[in-house]
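Here is a short briefing to read alongside the model. Take a look at the structure first, then go through the points below.

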Amino acid sequence: IFSHMLTHKRTLIPMFLGLIFMSLIFYSFIFWAPTMMVRTYGLTLSEIGLILGLITIFSSISGTILAGVTVDYLRGKGYKDAPVRTAMFTSLLALPPIALAPFMESIIISWVFIAFYLFFISSFAPLGLLAVSGVSSGRVKGQLTAIYAFLIMVFGLSIGPQLTAFFSDFVFQDASRLGWSISLTAILVLPLSALFFWFSLPRYRDSVERIILR
């Protein structure tokens, strides 16, 4: 596994960074969304739980399915970098709805934006698995997948919610502006995610070809 990672480090480093940044806003939103809706729109937690739960189930499942279909379609068109290319576009498409959702006067429009955001952002996990699978042979596939999951948990899950809390406490210094903090987190991390995926594209194609030839 260490030999494989060193051989493909120019592919794996930007690819993993893109996935980590994508996971930062995913976990930040999951952690802070109920509190944001309470502070911004005055909803009760029971109301939020029902609506957000239904939106999350529908958007996440449909977004994950579409992401897989997109990867298969791009591979059929000859794109060897299909998983990373799809992740790059989904990270960009997830940005507008999450950046705007906290500022909508209409709560219905805010929920619609959140649904679109979750539709795109929830694809990061399956796309990450597909991307890792594409640049790993049978001997290291399981280990590299475990390393991917470890990185997402250590950095995405631990740093994402804390980053948003930092913005709320030290940048806006206003608990009622939690939505602003979530929006700022997305504006910072999602373009970086797309940029790292873009860096990874030619290197990913090279790694896929090298593994196939081996």
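Accessible areas come from the Shrake-Rupley method with a 1.4 Å probe, and for residues only the protein chains shown count as cover. By that method the chain exposes about 10,500 Å², with carbon and sulfur atoms supplying 72% of it. Please keep in mind that this is a predicted model, where local features need pLDDT of at least 70, side-chain atom pairs count only at pLDDT 80 or more, and totals for chains, interfaces and linings use all residues. Residues are numbered from 1 along each chain as its sequence is written, and side-chain values use heavy atoms, leaving out hydrogens and water.

**Overall fold**
- The chain has 8 helices and 0 strands (DSSP runs numbered from the N terminus: H or I of at least four residues for helices, E of at least two for strands).
- The C-alpha atoms fill a box of roughly 60 × 35 × 25 Å along the principal axes.

**Burial and contacts**
- Of the 214 residues, 46% count as buried, meaning under 20% relative accessible area with a 1.4 Å probe, protein chains only.
- Among contacts (heavy atoms within 4.5 Å) with a separation of 6 or more, 78% are accounted for by residues 24 or more positions apart.

**Helix 3**
- Buried residues of helix 3 include I48, L52, I55, G63 and L74.
- The buried residues of helix 3 pack against helix 2 (9-41), helix 4 (82-100), helix 5 (107-121) and helix 6 (124-134).
- Just after helix 3, G78 takes a positive phi of about 95°.

Conventions. Buried means under 20% relative accessible area, exposed over 50%, partly exposed in between (1.4 Å probe, protein chains only).
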